[in-house]
Amino acid sequence: MNMSVLTLQEYEFEKQFNENEAIQWMQENWKKSFLFSALYAAFVFGGRHLMNKRAKFELRKPLVLWSLTLAVFSIFGALRTGAYMVYILMTKGLKQSVCDQGFYNGPVSKFWAYAFVLSKAPELGDTIFIVLRKQKLIFLHWYHHITVLLYSWYSYKDMVAGGGLPVWAY
């Protein structure tokens with residue numbers, strides 16, 4: 001399969017993105033994911049405790065905007081990285097698509113891998129809506145947010161194969 005058939009035109013911000021600086025930043029700062037996780041856990045349990053005595057907030061419109069923003073980000077990321085994953089799957093197979101480190105420095109994918117990993121911190125905001133709307137918050141929800149943040153940031157710093165690949169790439 002010819003990669004040129006699947007190659008996307010790079011946007012200027014993708015061309016200008018320096019993956020070496022991003023990886024260095026993550027190597028120096030990945031431990032902040034523990035701080036984010038601890039603050040998140042404090043909010044989850046403290047917020048639920050505080051909300052026990054309060055009326056729930058009506059946050060439908062902000063939630064729609066929040067969800068739409070995350071969906072647009074995910075869709076755009078999937079569109080931008082899909083060609084790379086199709087190429088790897090078609091030319092090198094499923095095993096290599098999981099074991100490939102080229103995603104971290106591919107022309108288009110390098111930016112989107114970093115954006116995906118960084119997005120795990122603001123995605124903790126999903127839980128704000130659950131807590132403030134007094135909806136059921138299951139263990140798997142907050143456990144998932146914490147573990148994905150920690151694993152993604154840790155994996156990106158070492159360019160672990162499969163560690164920073166966006167879920168949308170599959």
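Two residues are said to meet, or to be in contact, when heavy atoms of one lie within 4.5 Å of heavy atoms of the other. Keep that cut-off in mind during this tour, and remember that the structure on your screen is a predicted model.

**First stop: two helices side by side**

Begin by selecting helix α4, residues 32-51, together with helix α8, residues 139-157, whose axes lie 9 Å apart and pack at an angle of about 170°. Because angles over 145 degrees count as roughly antiparallel, α4 and α8 are roughly antiparallel to each other. Now show the side chains where they meet: on the α4 side you will find K32, S33, F34, F36, S37, Y40, A41, V44 and F45, and facing them in α8 are H141, W142, H145, I146, L149, L150 and W153. If you colour this contact by residue type, 11 of its residues come out as nonpolar, four as polar and one as charged.

**Second stop: a ring pair within that contact**

The whole structure holds 20 aromatic pairs, and one to select next is F36 with W153, whose ring centres are 5.7 Å apart and whose planes stand at 90°, so the pair is edge-to-face. This pair joins distant parts of the chain, since F36 belongs to helix α4 and W153 to helix α8, 117 residues apart. Are the two partners buried or exposed? F36 is partly exposed, with a relative accessible area of 30%, whereas W153 is buried, with a relative accessible area of 2%.

With Y156 still selected, display its surroundings: leaving aside residues up to four places away in sequence, Y156 touches F17, E19, A22, I23, M26, Y104, K110, A113, Y114 and V117. Y104 and Y156 also belong to a cluster linked by ring pairs, whose other members are Y11, F13, F17, F73, F76, F111, W112 and Y114.

**Last stop: the nonpolar core**

Which residues touch the most other members of the largest nonpolar core? Among its 31 residues they are M26, W153 and Y156. To see where the core comes from, select helices α3, α4, α5, α6, α7 and α8, each of which supplies at least two residues, and then look at α6, which gives the most, with seven residues.

Notes: Residues numbered from 1 in each chain as written. Predicted model: local features only at pLDDT ≥ 70, side-chain atom pairs only at ≥ 80, totals over all residues. Heavy atoms only, no water. Axes fitted to C-alpha atoms, helices over the stretch in contact; angles between N-to-C directions. Helix = DSSP H or I, 4+ residues; strand = E, 2+ residues; numbered from the N terminus. Parallel < 35°, antiparallel > 145°, perpendicular 65-115°, else oblique. Nonpolar A, V, L, I, M, F, W, Y, C, P; charged D, E, K, R; others polar. Core = buried A, V, L, I, M, F, W, Y, C linked by side-chain atoms within 4.5 Å. Buried < 20%, exposed > 50% of the residue type's maximum accessible area, 1.4 Å probe, protein only. Phe/Tyr/Trp six-rings, centres within 6.5 Å; stacked < 30°, edge-to-face > 60°.
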